[in-house]
Amino acid sequence: MAVVVKYVVERNGVERMTFTSKKEADAYDKMLDVAESLEEMLGKVDVPLSEQQVESLALEMAKQKDDFINVLKGSKPSAPAKKSKKDADVDDSDTDENVTPIKQA
């Protein structure tokens, strides 16, 4: 019998993602904290956005926070890395073996 340690990131009673590494789980949790703060900021913006749009935008901004920080400092965003032929044939969801998506109810 094997013993497997799993780290579950949970928000508001909902399991968001499961990791096999504490470092990855902590990084994901921090990214969700940033997204939550961004949602609050975007809610104050005088632009008509639905709640879903605000949530999606905040999450994407949190995922790419380093690029946003560079742009806000006056730099250009980093160029996206080119995918090799091997990477192009592989779906991104299959590339990280340490992440197990959680089914949402």
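At what angle do the axes of helix 1 and helix 2 cross? They cross at roughly 135° and come within 8 Å, with axes being lines fitted to C-alpha atoms over the stretch in contact and angles running from 0 to 180 degrees between N-to-C directions. That makes helix 1 oblique to helix 2, since angles under 35 degrees count as roughly parallel, over 145 as roughly antiparallel, 65 to 115 as roughly perpendicular and the rest as oblique.

A quick note on the source: this is a predicted model, where local features need pLDDT of at least 70, side-chain atom pairs count only at pLDDT 80 or more, and totals for chains, interfaces and linings use all residues. Residues are numbered from 1 along each chain as its sequence is written, and side-chain values use heavy atoms, leaving out hydrogens and water.

Now for the pockets. A pocket is an open set of points on a 1 Å grid over the protein atoms alone, where a 1.4 Å probe fits, with protein on both sides within 12 Å along at least five of seven lines; lining residues have an atom within 4 Å of a point.

| Pocket | Volume | Lining by class |
|---|---|---|
| Largest | about 290 Å³ | four nonpolar, three polar, five charged residues |

Among the residues lining the largest pocket are Arg11, Arg16, Glu36 and Glu55. Helix 1 gives the second largest pocket four residues, the largest share of its lining.

Note on methods:
Grid points are joined across faces, edges and corners, and a volume is the space filled by probe spheres set on the points. Ala, Val, Leu, Ile, Met, Phe, Trp, Tyr, Cys and Pro count as nonpolar, Asp, Glu, Lys and Arg as charged, and the others, Gly among them, as polar. Helices (H or I, at least four residues) and strands (E, at least two) are DSSP runs, numbered from the N terminus.
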